[in-house]
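Welcome, and thanks for coming along. Please open your viewer and get ready to select a few things as we go.

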Amino acid sequence: MHSIIQLFIRHGGLLTLVVLEMVCFYLISTYNDPQRQISSASWTKYSGQFLQWKTEWLDYLGLKEQNERLRDQVAELGTQLTNARLAAVPRRDTFVFQATVDTLNRKFTRPEFILIPAQVISNTISGSNNWLMINRGKRDGVQPNTGVITADGLAGIVRYVSDDFAMVMSVLHRQTKISAALKKYEYFGSLVWEGNKPQMMTLTDIPSHLKVKKGDTVQVSRYSLMFPPGHVAGTVDSAYLQPGSNFLSILVKLSQHPAAFNHVYVVNNKFSGQIDSLQQLVKDERR
Amino acid sequence: MNGVNIFPNIWRFIGLTTVQVVILSKVALASNGYCNILVYPLFILFLPVQLATPAAVFLGFLIGITVDLLTGTPGVNASAGALSGYIRAILLHRYAPRGGYTAKEPIPAPAYFGWRWFIIVTAIFFGAHIFWYFSMAYFTPVYLLKQILPQSALAWVLTMIIVLLYTRLFHPKI
């Protein structure tokens, strides 16, 4: 109490002024028409501004969640898209020509690929056999020998799976072999890494009569079981004739730089089990 | 406030308010705001020198709100009046004579401090009051350059003439 009195003695004039000015502002902005309009307009403007800031800030705080939701959506849309590419080939019988492009109508289409969003938690690019680890495992439906892609390109092939994680053989691994094709030709070959630059893979077994230009798109071939056919892999950098053969080796610049793996999608082929067992039958017969 | 006669202040309150409301506010209206003379702050200026600052601020508010209620602009003059009460305290402190004020100078009038001193203090005092008055009247900085500043300057010149005439004629001492 004493200090309040002291404060008033020292700054009484200023305190009185502030209190009275507040009263005046109230009176002015309540009982005078032009001033009331100005103050209410200003109030609307600045409170609107404030609300805007608040919304932007909340949006910013929600970005992570938003991001995760978008990834889930990308996975779902990617699933639909890859299946749509397959469904675009009409199934036909002798008389009825059915164009089954409605990917949502599962009666006519066979969803082949399911994408599982995952995040890369470790990655190497400097060795001659590189690996990455993702934060999805058996419990999330990840199986060995399935492809891993990013939105822009290829990432690798799942080899070992634990309950919650998986080891992925990077595209920069000597054993990685991906069935790929030039977009403008039907011919396909194998995309391998010969241990040179991290962003360069080699597409082998392309017949030498094909005219290949720098910048041509290289995509996953339609015979790939691990990767969604048509998914972009990279662009042609240069091509040379393999010594003593009629096939080209094409250096492919990957559209997804392996150093920048972050969000990836594990590609589950629903029919890989059936296809494998069919191939196994053929192998058994040969023996 | 020993020895201070409050009656001259009461008469000034009534007289200046009347002149302001009956004549000058009509003139201001008739001239579309270009002949705006504010004399009632003289009451605030001529309050006793020894008066405490909160009291001066409150009395400034009081005469302002009185003028406001009689002219129908609640708060505009009161805001300027309260500010003037505070500005006056700052000016009296800033322009205090050597050795401070004594009981021999009841009010800040030229009779005690000389015309030079009086004109400087009045000029700043009315400048602040008038500028604040027009700021409150327009209530937005949008009009600052086109309306508030020119009108304040004009009103200040006119008011200063009237104030100096008043002081010269009545030569207030208490």
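Which residue in S4(A) is the bridge partner of Val148(A)? Select both ends of the bridge: the partner is Gly156(A). Before we move on, a word about the model, which is predicted: local features need pLDDT of at least 70, side-chain atom pairs count only at pLDDT 80 or more, and totals for chains, interfaces and linings use all residues. Residues are numbered from 1 along each chain as its sequence is written, chains are lettered from A and ligands numbered from 1 in the order in which they are written, and side-chain values use heavy atoms, with hydrogens and water left out.

**Stop 1**

Now colour strand S3 (residues 147-149) and strand S4 (residues 154-161) of chain A; they run antiparallel and are joined by 3 bridges. Strands here are DSSP runs (E, at least two residues), as helices are (H or I, at least four), numbered from the N terminus. Two strands pair if DSSP finds at least two bridges between them.

**Stop 1: a nonpolar patch**

Stay in chain A and show Trp57(A), Leu58(A), Tyr60(A), Leu61(A) and Leu63(A) as surface. Together they form a nonpolar patch with about 580 Å² of accessible area (Shrake-Rupley method, 1.4 Å probe; for residues, only the protein chains shown count as cover). Helix H2 (residues 33-61) gives the largest share, 4 residues, while Leu63(A) sits in helix H3 (residues 63-87).

**Stop 2: Trp117 in chain B**

Switch to chain B, which has 7 helices and 0 strands. Pick Trp117(B) in helix H6 (residues 115-138). Is Trp117(B) buried or exposed? Trp117(B) is buried because its relative accessible area is 14%, and buried means under 20%, exposed over 50%, partly exposed in between (1.4 Å probe, protein chains only). Show its contacts (heavy atoms within 4.5 Å): beyond four places in sequence, Trp117(B) touches Leu92(B), Tyr95(B), Tyr101(B) and Pro108(B). Draw a distance from Trp117(B) to Tyr95(B), 22 residues apart along the chain: their C-alpha atoms are separated by 7.9 Å.

Note on methods. Patch = residues over 30% accessible without salt bridge, like charges linked within 9 Å, V, L, I, M, F, W, Y side chains within 5 Å. Salt bridge = Lys/Arg side-chain N within 4 Å of Asp/Glu carboxyl O.
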